Amino acid sequence: LISSTEDLIPFLQCTLIFQQHDHTSLLSLCHDALSMLSSSKYIMITSLECNEQSDTSTIKHLEVTKMGKAVHKGCLSISIAHIVYQELCFAQECLVLTSDLHLLSLVVPHDIVRSIQPNWTIYFETITRLSPIELKVADILRIKMGYLSKKATGVAKKLSENIQ
């Protein structure tokens with residue numbers, strides 16, 4: 001839709017938000033957003049010199065980077081995109097194809113991880129029954145047996161109750 005900063009104003013003028021809000025603040029917000037997207041490496045801004053009839057001006061060309069395309073196609077929030085990317089880079093380094101456990105951890109949607117409330121006893125019992133190869137995958141995924149045993153026995157909960 002927009003390939004340069006010159007295209008930004010005509011595009012914005014066709015929107016409802018442009019008609020309803022202060023034009024200067026909206027343009028300022030757009031430039032701030034472009035700066036943030038550029039600093040996060042979702043877009044690349046390059047300056048092009050234009051010489052038209054003794055009028056020298058600079059046009060800033062906008063190009064979506066591979067990371068920006070991936071965030072868009074993956075329907076990821078910009079706020080978690082770098083976290084997901086870092087986790088994928090880590091997973092790529094430690095990829096273990098001998099077990100489905102590793103692949104299972106990669107397909108769990110990142111935005112629901114915090115809302116999952118596991119039954120720690122069942123979780124601990126399941127982990128203790130894993131094969132040695134699966135335990136290696138659990139270790140790579142940073143699943144710590146000590147932490148799980150404390151959660152399963154309720155030690156962490158009792159400690160927080162004693163502190164209060």
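The structure is a predicted model, in which local features need pLDDT of at least 70 and side-chain atom pairs count only at pLDDT 80 or more, while totals for chains, interfaces and linings use all residues. Residues are numbered from 1 along each chain as its sequence is written, and side-chain values use heavy atoms, with hydrogens and water left out. The chain holds ten helices and two strands; helices (H or I, at least four residues) and strands (E, at least two) are DSSP runs numbered from the N terminus.

**Overall fold**

- Read from the N terminus, the elements follow the order α-α-α-β-β-α-α-α-α-α-α-α.
- Of the 164 residues in the chain, 20% are buried; buried means under 20% relative accessible area, exposed means over 50%, and partly exposed lies in between (1.4 Å probe, protein chains only).
- Among contacts between residues at least 6 apart in sequence, 43% join residues at least 24 apart, a contact being heavy atoms within 4.5 Å.

**Aromatic pairs around Trp120**

- Rings of Phe, Tyr and Trp (its six-membered ring) pair if their centres lie within 6.5 Å; planes under 30 degrees apart count as stacked, over 60 as edge-to-face and the rest as tilted.
- Two aromatic pairs are found by this rule. The pair of Trp120 and Tyr123 is stacked, because the ring centres are 5.7 Å apart and the planes stand at 25°.
- Helix α7 (residues 120-128) contains both Trp120 and Tyr123, which are three residues apart, about one turn of the helix.
- Trp120 has a relative accessibility of 24% and therefore counts as partly exposed. The pair of Trp120 and Tyr147 is edge-to-face, because the centres are 5.9 Å apart and the planes are at 90°.
- Tyr147 lies in helix α9 (residues 145-153) and Trp120 in helix α7, so this pair ties together parts that are 27 residues apart in sequence.
- Tyr123, at 29% relative accessibility, counts as partly exposed, and Tyr147, at 48%, also counts as partly exposed.
- Trp120, Tyr123 and Tyr147 are linked into a cluster by ring pairs.
- Leaving aside residues up to four places away in sequence, Trp120 touches Tyr147, Leu148, Lys151 and Ala152. The C-alpha atoms of Trp120 and Leu148 are 6.8 Å apart, although the two residues are 28 apart in sequence.

**Pockets**

- On a 1 Å grid over the protein atoms alone, a pocket is an open set of points where a 1.4 Å probe fits, with protein on both sides within 12 Å along at least five of seven lines; lining residues have an atom within 4 Å of a point.
- Grid points are joined across faces, edges and corners, and a volume is the space filled by probe spheres set on the points.
- The volume of the largest pocket is about 1400 Å³. It is lined by 30 residues, of which Ser105, Val108, Val113, Tyr123 and Leu141 are the closest to its centre.
- At least two lining residues of the largest pocket come from each of α5 (78-93), α6 (100-107), α7 and α9.
- The lining of the largest pocket comprises 21 nonpolar, five polar and four charged residues; Ala, Val, Leu, Ile, Met, Phe, Trp, Tyr, Cys and Pro count as nonpolar, Asp, Glu, Lys and Arg as charged, and the others, Gly among them, as polar.
- The second largest pocket holds about 340 Å³ of space. Its lining has 13 residues, and those closest to its centre are Ile2, Leu8, Leu34, Leu37 and Leu62.

**Nonpolar core**

- A nonpolar core is a set of buried Ala, Val, Leu, Ile, Met, Phe, Trp, Tyr and Cys residues joined through side-chain atoms within 4.5 Å.
- The largest nonpolar core has eight residues: Leu8, Leu12, Phe18, Leu26, Cys30, Leu34, Ile43 and Leu62. Two or more residues of this core come from each of α1 and α3, and α3 provides the largest share, three residues.
- Leu12 touches Phe18, Leu27 and Cys30, not counting residues up to four places away in sequence.

**Positive phi in loops**

- Cys75, in the loop between α4 (66-73) and α5, has a positive phi near 55° and is not a glycine. Cys75 is exposed, with a relative accessible area of 71%.
- Arg142, in the loop between α8 (132-140) and α9, is not a glycine either and has a positive phi of about 65°. Arg142 is exposed, with a relative accessible area of 56%.
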